[in-house]
Amino acid sequence: MSAGGFYPRLSPFKTGLACRCPRCGRGRIFSGFLKIAETCPVCGLDLGGEDAGDGPAVFIILFMGALVVLLALLTEAWFSPPYWVHMVLWGPLVLIGSLLLMRPFKGIMVALQYRHKAGEGGGRLG
């Protein structure tokens, strides 16, 4: 499809979770672990200046914090393990969970910005 062609309206959550282009749904939006590609390799959408900012990190902090506190409280109430078990369990869970969630959450933020034409300066994308 050309840059001016018709593109179906795709779910920002599906394309974001799959880390795919928010316009065509096929091209990859990341060129590194968290680096946004300059353009979509399939449809040519300009993603060069796109930045999700701290939004994904904030959502991950809130989500992982609530999850770990809940799991730690339940573990303490049910099993009463020594404190070193809590240190061994929850630190790696927070680190690994945060790293695994960062790409999909950033992809969702980029897709939502595309959907709502919310680029830097009030409407760069789309």
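1. **What we are looking at.** This is a predicted model, in which local features need pLDDT of at least 70 and side-chain atom pairs count only at pLDDT 80 or more, while totals for chains, interfaces and linings use all residues. Residues are numbered from 1 along each chain as its sequence is written, and side-chain values use heavy atoms, with hydrogens and water left out.

2. **Overall layout.** The protein chain has three helices and zero strands, and reading along the sequence gives the pattern α-α-α. Helices (H or I, at least four residues) and strands (E, at least two) are DSSP runs, numbered from the N terminus. Of the 126 residues in the protein chain, 35% are buried; buried means under 20% relative accessible area, exposed over 50%, and partly exposed in between, with a 1.4 Å probe and protein chains only. Among contacts (heavy atoms within 4.5 Å) with a separation of 6 or more, 50% come from residues 24 or more positions apart.

3. **The annotated spans.** The unreviewed UniProt entry carries the annotation "transmembrane region" for residues 57–77 and 83–102. Please keep in mind that UniProt positions are given in the numbering used here, that feature names are shortened, and that annotations may be inferred rather than shown by experiment. In the model, residues 57–77 are 100% helix and 0% strand, with the end C-alpha atoms 30 Å apart. Residues 83–102 are likewise 100% helix and 0% strand, and their end C-alpha atoms are 29 Å apart.

4. **Pairs involving helix α2.** G65 lies in helix α2 (residues 55–79), and its C-alpha atom is 8.0 Å from that of V94, 29 residues away along the chain. G65 counts as partly exposed because its relative accessibility is 31%, and A57 counts as partly exposed because its value is 28%.

5. **Backbone angles to check.** C19 has a positive phi of about 60° although it is not a glycine. C19 lies in the loop between α1 (12–17) and α2, and it counts as buried because its relative accessible area is 11%. S80 has a positive phi too, about 45°, and is not a glycine either.

6. How do the two compare in burial? R23 counts as buried because its relative accessibility is 11%, whereas T39 is partly exposed because its relative accessible area is 40%. The C-alpha atoms of R23 and C40, 17 residues apart along the chain, are separated by 8.9 Å. For T39 and G27, 12 residues apart along the chain, the C-alpha separation is 9.0 Å. Not counting residues up to four places away in sequence, T39 touches G44, L45, D46 and L47.

7. **Nonpolar cores.** A nonpolar core is a set of buried Ala, Val, Leu, Ile, Met, Phe, Trp, Tyr and Cys residues joined through side-chain atoms within 4.5 Å. The largest one holds 15 residues, of which C21, C43 and L45 touch the most other members. A second, separate core has six residues, including I60, M64, A72 and W90. Leaving aside residues up to four places away in sequence, L45 touches C21, P22, R23, E38, T39, C40 and Y114.

8. **The largest pocket.** Its volume is about 230 Å³. Of the 12 lining residues, P8, R9, Y114, R115 and K117 are the closest to the pocket centre. Helix α3 (residues 83–115) gives the most to the lining, with three residues. By class, the lining has seven nonpolar, one polar and four charged residues. Here Ala, Val, Leu, Ile, Met, Phe, Trp, Tyr, Cys and Pro count as nonpolar, Asp, Glu, Lys and Arg as charged, and the others, Gly among them, as polar. On a 1 Å grid over the protein atoms alone, a pocket is an open set of points where a 1.4 Å probe fits, with protein on both sides within 12 Å along at least five of seven lines; lining residues have an atom within 4 Å of a point. Grid points are joined across faces, edges and corners, and a volume is the space filled by probe spheres set on the points.
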